[in-house]
Amino acid sequence: MGCQCSKSQNDQNLNLENLIETPSNTNPNSCLCLTEYTKTMFKLINKIRRNPPEFANLIEQSIKYITNENNRLIFSYKLKVALTKGESVFKQVAEELRKMPPMPPLEFKDDIVIEVPSEEDDLKDIKVFMNKVLEKKKNCSLDAYFKDAIKDPEIAILIIIVDDTEKNSGKKRAAVLNKDFKYIGISSIYEGNTFCAYYTFSK
């Protein structure tokens, strides 16, 4: 069952709606079968690639909103971890984005999509994901990949771009904003109480 994400009134304060538009290189035959979450993330990622400085402004605008104690509980644990290192983390990423030139949008490629498993326990297991990556590599080239568990696209894109957890340390942002990458694959599922999304990239 695909994730159907809806906006809450608080989410609208992040003002990311103006980033969501249909990329010119979207393959309509592929996108017809994608979940709404996948479509939204695909569009957001390509919009950021086209104009990194624009998203930098939104990152800085989000700091005040995220650190507001009345709103903070709606955000994920990962984002709170980033905040414990201070607002400077967000500002540093924003400065990096401001210096980035536009880059070509990614094309959605069915061949590199890794299907998310339907068993709830498997969604949480990183080993399951890595085994699927290894299996996919037998048939095609993958240059970067990661999994994510945030069901709200607006929160997910902030975490992916800020990406300040010790385990990842910028790897997700590096994949999304790699100018040499040409293709992306995204799959997502909401099973029981668990959401999971797989991202793959290739040149």
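Student: Which residue in β4 is the bridge partner of D148?

Tutor: The bridge partner of D148 in β4 is A197. The model discussed here is a predicted one.

Student: And which residue in β4 does A144 pair with?

Tutor: A144 has F201 as its bridge partner in β4. The strands concerned are β2, residues 144–148, and β4, which run antiparallel and are joined by five bridges.

Student: How many bridges hold β3 and β4 together, and in which sense do they pair?

Tutor: Strand β3, residues 183–191, pairs with β4 over nine bridges in the antiparallel sense. Within this arrangement, I186 stands opposite Y199 of β4.

Student: Which faces of β4 are covered?

Tutor: Both faces of β4 are covered. On one side T194, C196, Y198, T200 and S202 are buried, and on the other F195, A197, Y199 and F201 are buried. Nine of the nine residues of β4 are thus buried. As background, side chains in a regular strand alternate between the two faces of the sheet.

Student: Let us turn to the aromatics. How many aromatic pairs are there?

Tutor: The structure holds eight aromatic pairs. One of them is F129 with Y198, a tilted pair at 4.6 Å centre to centre with 50 degrees between the planes.

Student: Why does that pair tie together parts that are apart in sequence?

Tutor: F129 belongs to helix α7 (residues 126–137) and Y198 to strand β4 (residues 194–202), so the pair ties together parts 69 residues apart in sequence.

Student: Are F129 and Y198 buried or exposed?

Tutor: Both F129 and Y198 are buried.

Student: Which residues do ring pairs link into a cluster?

Tutor: The cluster consists of F146, F181, Y199 and F201, linked by ring pairs.

Student: Over which ring does the charged end of K109 sit?

Tutor: The charged end of K109 sits over the ring of Y183, at 4.4 Å from the ring centre.

Student: Now I126. Where is it found?

Tutor: I126 is found in helix α7. At 38% relative accessibility, I126 counts as partly exposed. Its C-alpha atom is separated by 9.7 Å from that of F146, a residue 20 places away along the chain.

Student: Where is V113, and is it buried or exposed?

Tutor: V113 is in the loop between β1 and α6 (120–124). With a relative accessibility of 10%, V113 counts as buried.

Student: What is V113 in contact with, leaving aside its neighbours within four places in sequence?

Tutor: V113 is then in contact with F108, K136, G185, I186, S187 and T200. Between V113 and I184 the C-alpha distance is 7.9 Å, although 71 residues separate them in sequence.

Student: On to α2. What span should it have, and what does the model give?

Tutor: Helix α2 (residues 36–50) has 15 residues and should span 21 Å at 1.5 Å a residue. The end C-alpha atoms of α2 are 21 Å apart, which agrees.

Student: How many residues of α2 are buried?

Tutor: Eleven of the 15 residues of α2 are buried, so the helix is largely enclosed by the rest of the structure. The buried residues include Y37, M41, F42, L44, I45 and I48, and also K47 and R49.

Student: Finally, the overall picture. How many helices and strands are there?

Tutor: The protein has nine helices and four strands. Along the sequence they follow the pattern α-α-α-α-α-β-α-α-β-α-α-β-β.

Student: What percentage of the residues count as buried?

Tutor: Of the 203 residues, 49% count as buried. The accessible surface of the protein is about 10,400 Å², and carbon and sulfur atoms account for 47% of that surface.

Student: What about contacts between residues at least 6 apart in sequence: what percentage join residues at least 24 apart?

Tutor: Among those contacts, 75% join residues at least 24 apart.

Note on methods:
Residues numbered from 1 in each chain as written. Predicted model: local features only at pLDDT ≥ 70, side-chain atom pairs only at ≥ 80, totals over all residues. Heavy atoms only, no water. Phe/Tyr/Trp six-rings, centres within 6.5 Å; stacked < 30°, edge-to-face > 60°. Helix = DSSP H or I, 4+ residues; strand = E, 2+ residues; numbered from the N terminus. Buried < 20%, exposed > 50% of the residue type's maximum accessible area, 1.4 Å probe, protein only. Lys NZ or Arg CZ within 6 Å of the ring centre and 35° of its normal. Contact = heavy atoms within 4.5 Å. Areas by Shrake-Rupley, 256 points an atom, 1.4 Å probe, with all protein chains shown as cover. Pairing = 2+ DSSP bridges. Expected span 1.5 Å × (residues − 1).
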